[in-house]
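Hello,

Please find the structure below, as promised.

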Amino acid sequence: MTASLPTDTLAACQRCDTLVNLPKLSNHQKALCPCCNTVLHSPKKHTLDKTFAISFAGLLLLIPATVMPLMGIYAAGQYNQASLFTCIVLLANEGFYFIAFCVFIFAIAVPAVRLFTAFYLTFCLKYTSKKPHLIVFFRSYHLLNNWAMIHVFFLGIIVSLYKLVDIADIAIGTGITSIILLLMCSTMLSITLDHRFIWQQLEQIND
C-alpha cells in the first residue's frame with residue numbers, strides 16, 4: 001500500500017518533469033528541483049497589495065492609451081493625428097475588418113479583461129469574502145495571459161516611426177506615454193502575481 005502525496009503541495013519541474021512535494025517557504029526562499037536545480041517556486045512578498053495597485057493603475061491608463069493621440073504627422077501642409085481607437089475605425093472604414101477586429105481584441109479587449117480580472121481577484125481576496133466564482137476569474141486570467149499583445153502593437157508603432165521620420169515631420173502624442181506605462185503595468189503584473197499563493201487561497205473556498 002502506497003501513501004498518496006498531498007496534491008496542493010506538489011509541483012512539476014518545467015525542465016525535467018520531476019514531481020516534488022514543496023515545503024512551506026518563507027519570503028526570499030526558493031524551492032529547487034532536486035534533479036536539475038531549476039527554481040520550482042519562489043514566494044513573492046506582498047503579492048496581493050502589489051498586484052492590486054498595478055492592475056488598478058493599468059485600468060486607469062487604459063482609457064488615455066486608447067483615446068489619446070499616439071502620433072501626429074505633418075505632410076503636404078496638413079497635420080493628421082490618430083489614436084489607437086481611431087486606427088481601428090480607419091481600418092474598418094477601409095474594409096480591413098479582420099485586421100481591425102484583431103487589433104481591437106488583442107490590443108484593447110484582452111489587456112482590459114486581463115487587468116480587470118487581476119484587479120477584481122485581488123480586491124476580493126483582500127477586502128471581501130472568498131467566493132467560488134473567483135476560481136473562474138483566475139482560470140480566465142491564465143487563459144488570457146498569453147493573448148495580451150499590446151507590446152506587439154507598441155513595436156508596430158516604433159517601426160512606423162522609424163519608416164516615417166525621413167519623409168514627414170512626426171509629433172509624439174500623449175497616448176504613447178500612456179501605452180508605455182500600460183505596457184509596464186502589464187509586464188509587472190506577471191512579475192508580482194504569485195500564482196501558487198492565489199491557488200492556495202482559492203482552494204480554501206472548497207474546503
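The count of aromatic pairs comes to 10, where rings of Phe, Tyr and Trp (its six-membered ring) pair if their centres lie within 6.5 Å, and planes under 30 degrees apart count as stacked, over 60 as edge-to-face and the rest as tilted. Phe116 and Tyr120 are a stacked pair, because their ring centres are 6.0 Å apart and their planes stand at 15°.

Before the rest, two notes on the basis. This is a predicted model, in which local features need pLDDT of at least 70 and side-chain atom pairs count only at pLDDT 80 or more, while totals for chains, interfaces and linings use all residues. Residues are numbered from 1 along each chain as its sequence is written, and side-chain values use heavy atoms, with hydrogens and water left out.

Phe116 and Tyr120 both belong to helix α3 and sit four residues apart, about one turn of the helix. (Helices are DSSP runs of H or I with at least four residues, strands are runs of E with at least two, and both are numbered from the N terminus.) Phe116 has 41% relative accessibility and counts as partly exposed; Tyr120, at 22%, is partly exposed too. The cut-offs are under 20% relative accessible area for buried, over 50% for exposed and partly exposed in between, with a 1.4 Å probe and protein chains only. One aromatic cluster is formed by Phe52, Phe56, Phe119, Phe123 and Tyr127.

Helix α3 covers residues 97-127, and its 31 residues reach 42 Å from first to last C-alpha, close to the 45 Å expected (1.5 Å times one less than the number of residues). At Ile105, α3 bends by about 35°, the angle between axes fitted to the seven residues ending there and the seven starting there.

The sheet is open and has three strands in the order β6-β5-β7, with antiparallel pairing; two strands pair if DSSP finds at least two bridges between them. β6 (78-83) and β7 (169-172) are the edge strands, each with a single partner, so one side of each has no neighbour in the sheet. β5 (residues 69-75) pairs with β7 over four bridges, and Met71 has Ile172 of β7 as its bridge partner.

Helix α6 (residues 174-192) lies across β5 and β7, at about 145° to β5. Axes here are lines fitted to C-alpha atoms, for helices over the stretch in contact (heavy atoms within 4.5 Å), and angles run from 0 to 180 degrees between N-to-C directions. Buried residues in α6 include Ile176, Ile179, Leu183 and Ser186.

Regards
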